[in-house]
Amino acid sequence: MSLELIKDILLATVPLLVIFPSLFAFTTWMERKALARIQNRIGPNKIGIPCTRIGLFGLGQPAADGIKMIFKEDIVPRGADKLFHLLAPILALIPAMLILCFLPLEFPWGKFMSGQVQAFLLDSAVIFFFAISGLATLAIFMAGWASRNKYSLLGGMRAVAQMVSYEIPLVLSAVVVVMMAGSLNAKEIADVQTGFNWFVLTPWGLAAFIVFFVAALAETNRSPFDLPEAESEIIAGYFTEYSGFKFALFFLGEYIAMFAISGLAVTLFLGAGDGPFLAVAPWLSVVWFIAKIFGLIAVMIWLRGTLPRLRVDQLMAFAWKFLLPLSIFNILLAGMSHHVTVAYPGTTAQVVTWTVSLVGMYVMAKGLDKISRSTAKPREYLYAE
Amino acid sequence: MSILGGGIFKGMAVTLRNFVGSYFSKERFITTNEYSWRPESELPQSIGDYPKEEGEQLSDTTTVNHYSRNFPMLLHDTGEPMDTIRCVACQICERECPPQCIYIEKSTEKKENADGKPQFYPAKFDIDVSVCMSCQICVEVCPFDAIVMNSQFELSTPDRFGGLLVRRDDLLKSNDYYHKIHPQEAATRDERMAADKAAKEAKKKAAAEKAKAAAEAKAAAAEAANESKEDTE
Amino acid sequence: MTLENCLILGAVLFCIGLLGALTRRNAVVVLFSIEIMLNAANLNFIAFWRFSDNPAVLNGPLFTLFTIAVAAAEVAVGLALVIAVYRHFKTVDLEQLDTLKEE
Amino acid sequence: MTQEITFWVLAVIAVLGALVAVRRRNLIHGVFALMIFFAALAGLFLLLLAEFIAAVQILVYIGAVGILLLFAIMLTERVTGDDARDITSRGSFWGWVAALAVLVFLLLPAIQSADLPQTTEPYNPSVKALGQQMMNPYVVTLEVLALLLTAALIGAVAASQGGEKKKEDADDA
């Protein structure tokens with residue numbers, strides 16, 4: 001192994017390992033603060049610089065939480081499968097960290113690299129992204145099963161069923177972009193969108209983006225799809241029996257997966273690092289990329305503060321009866337509009353196709369919504385009022 | 001025909017209004033306690049320096065909002081706590097408690113309560129802090145207004161087991177203290193209790209009068225009967 | 001990494017799969033032993049393609065792709081059958097599934 | 001050199017994973033060992049420059065087949081995954097003999113005797129070429145495969161649901 005290669009590997013991976021965990025710390029603070037404000041509370045505001053009374057709006061909270069997590073007692077249940085109990089949080093973190101490599105983040109120091117270790121240059125980067133992010137399901141099953149706890153197992157099974165179901169609309173909505181860009185290479189998809197040719201600004205791209213975002217919420221177990229860790233039903237789901245550092249690893253893995261999937265959404269639909277002033281300062285592309293990720297994360301937090309949790313049957317019906325047909329219809333629509341624009345170039349044809357696509361999409365969604373609504377009535381209580 | 005997903009946007013608008021509004025109007029923070037730091041020199045230097053007067057917990061550093069509810073306490077009326085305790089150990093709260101954190105042992109003999117009526121009293125009344133979820137159901141179900149919510153929140157202890165069990169004598173708080181921490185609620189409660197008592201007394205009086213009248217009537221009737229009997233004889 | 005090494009690895013993996021299929025009595029384990037054998041075959045396809053004269057003709061990967069699809073279909077149907085059998089006989093022990101009659 | 005080391009490491013992981021998967025008493029452990037085997041094989045595919053196949057291997061085998069096997073085990077065994085019964089079948093001795101015989105007398109001699117190419121041609125992996133070849137000479141295969149997968153989907157649903165209905169009927173009767 002040459003020195004060149006080692007340098008390349010360090011340049012490619014160390015920034016990811018530094019930037020995203022620190023962003024994780026900031027995001028936990030942001031989430032707690034935003035949720036508190038939504039609920040008319042103040043949120044963390046005490047912990048700032050140690051040994052002083054300077055609060056810094058509670059920005060020291062993540063650090064304090066981290067220290068607490070590390071020194072907390074690590075409890076392993078007596079009946080647990082010790083090996084799997086230990087491996088699960090590690091396995092939860094690794095795929096999340098790995099898929100970060102497939103995001104086309106072009107760091108300014110990229111020009112010192114030979115380019116052979118940059119994973120997003122792989123010809124099938126998008127497929128690899130989905131393949132590896134699917135491994136998180138296994139970690140969750142492992143955690144749920146190894147804890148030998150009913151709630152853990154229930155949470156784990158729920159998580160597996162949910163993640164397997166929502167992976168299909170997720171991939172199908174990404175297929176539209178792959179079709180239109182004509183490549184599975186993340187870099188090429190990003191290049192196609194430069195100059196505000198973002199895919200989200202087309203009718204099929206918009207529909208695919210919405211489907212993708214909703215499925216991504218479910219895929220990362222975010223509210224309102226956080227059934228696997230529904231604390232009012234099954235305590236904490238698959239990480240009920242985890243404490244201390246292992247719990248912190250799960251937490252970290254969940255947030256890193258959130259960043260990664262938001263990053264993929266940014267790559268596929270929101271033009272990756274595209275933005276204004278790039279001609280003046282090319283390094284801004286990383287800033288735009290991360291800013292867009294943060295925009296999506298903010299919407300996720302906002303939704304978490306707004307929506308109540310779904311029921312299990314609603315969750316499955318939504319994936320299979322609403323999102324799946326919608327995304328397949330969207331693929332048809334995208335192919336059709338592409339061929340129409342190729343056959344009849346000109347503004348009129350484009351306006352007509354776009355209008356037809358948007359109306360068709362909306363009518364389809366409306367109809368599916370009507371069909372897929374759960375028929376379950378509200379439960380009637382015998383004794384309670 | 002509503003717009004698809006319109007409900008979500010409506011909800012998001014509501015939360016956005018809350019989010020922004022919380023930066024501008026202090027009145028929104030109805031559940032928030034405000035802490036104010038004292039200068040270093042005035043801080044208690046050791047545990048023993050804590051003001052340990054009844055119901056006082058860092059009282060001059062903390063303004064506890066009167067909406068605050070944290071953990072139950074037992075009420076007693078003015079006087080010696082155990083002589084004026086309102087609880088009669090009926091154990092309704094123990095049965096209703098969802099996490100089952102209340103443990104009550106009924107006394108074997110009766111004792112006079114504040115009204116001078118002989119009643120049972122709790123020989124033991126323990127609540128586990130670590131289990132209690134502050135749901136306030138015990139307060140709702142108590143027919144004697146004996147258990148209400150305290151706003152004390154400094155419940156942490158270095159002892160994992162015994163220290164988290166709050167005993168009867170620590171739970172007992174005076175009605176005056178209740179008035180101090182939850183003035184509105186205490187006033188309405190007292191008013192209602194007085195009204196109940198008045199209504200009860202009026203009923204009792206009425207019943208007594210009725211009984212008296214009935215007795216008199218009966219006596220009269222008996223007399224009359226006697227007389228008639230005598231007459232027949 | 002020579003073609004010979006790849007083929008030997010494939011052969012060893014195939015025989016491990018065969019061993020599992022022949023010596024275990026749990027139906028699910030037998031199913032995944034078959035998966036191991038299929039994967040060993042896939043490894044051979046890819047290895048032969050890589051060491052061929054013209055790797056630009058993608059016969060090996062395409063064949064592997066088709067094998068993977070067939071294997072996926074096989075697992076889906078196989079597991080559905082295992083579950084159906086379990087519902088009926090309350091066991092997936094292949095030693096006890098030796099009756100043709102309705103019991 | 002790096003390639004050589006990687007190959008041997010992956011080969012050892014694959015063989016160990018397969019052995020544990022096949023012989024482990026605890027079925028859940030077995031499935032996870034099987035997934036390690038699949039992952040090692042995906043690594044080998046990458047090493048052989050079939051990157052798309054490696055991705056599909058992870059996506060299909062670990063992401064789908066593995067989960068399916070886990071579900072099947074949870075549905076048919078005790079939750080702990082421990083197979084309490086005797087795990088080896090009758091006449092397992094002959095199983096060992098047959099497997100070893102196939103390896104030693106059939107496969108290894110065949111490999112040894114064959115005249116194998118020793119060199120590799122340079123190749124730049126391209127998904128586009130794969131897609132084009134799939135759509136041109138192999139399009140019929142692809143269609144048949146799609147049909148097969150649909151049939152398998154329907155068959156799987158029918159097989160796993162029909163049994164239940166039958167049982168319910170039997171219970172009613």
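Among contacts in chain D of this predicted model between residues at least 6 apart in sequence, 53% link residues at least 24 apart. The chain is built from six helices and zero strands, so that, by definition, its elements are DSSP runs of the helical kind. From the N terminus on, the order reads α-α-α-α-α-α. Of the 173 residues in chain D, 34% are buried.

Chain A can be described in the same terms. For contacts between residues at least 6 apart in sequence, 77% in chain A join residues at least 24 apart. Here there are 13 helices and zero strands, and the pattern along the sequence is α-α-α-α-α-α-α-α-α-α-α-α-α. Buried residues account for 44% of the 385 residues of chain A. The C-alpha trace of chain A spans about 70 × 70 × 45 Å along its principal axes. A compact globule of 385 residues would have a radius of gyration near 21 Å, and the 22 Å found for chain A agrees with that expectation.

Attention now turns to the meeting of chains C and D. In this interface, 65 residues of chain C are in contact with 74 residues of chain D. On the chain C side, helix 1 (3–23), helix 2 (27–50) and helix 3 (59–89) each supply at least two of the residues that touch chain D. Helix 3 of chain C gives the largest share, with 22 residues.

At 1.5 Å a residue, its 31 residues should span 45 Å, and the end C-alpha atoms lie 44 Å apart, which agrees. Just after this helix, Lys90(C) adopts a positive phi of about 60 degrees.

A closer look at one residue of chain D gives a local view of the contact between the chains. Ala159(D) sits in helix 6 (residues 139–172) of chain D. Leaving aside residues up to four places away in sequence, Ala159(D) touches Val77(C), Ala80(C), Leu81(C) and Ala84(C). An α-helix has 3.6 residues a turn, so residues three or four places apart point the same way.

Key: Residues are numbered from 1 along each chain as its sequence is written. Chains are lettered from A and ligands numbered from 1 in the order in which they are written. This is a predicted model: local features need pLDDT of at least 70, side-chain atom pairs count only at pLDDT 80 or more; totals for chains, interfaces and linings use all residues. Two residues are in contact if their C-beta atoms, placed from the backbone, lie within 7 Å. Helices (H or I, at least four residues) and strands (E, at least two) are DSSP runs, numbered from the N terminus. The expected span of a helix is 1.5 Å times one less than its number of residues. The radius of gyration is taken over C-alpha atoms; the globule rule is 2.2 Å times the number of residues to the power 0.38. A residue is buried if 20 or more other C-beta atoms lie within 10 Å of its own, exposed if 12 or fewer, and partly exposed in between; C-beta atoms are placed from the backbone.
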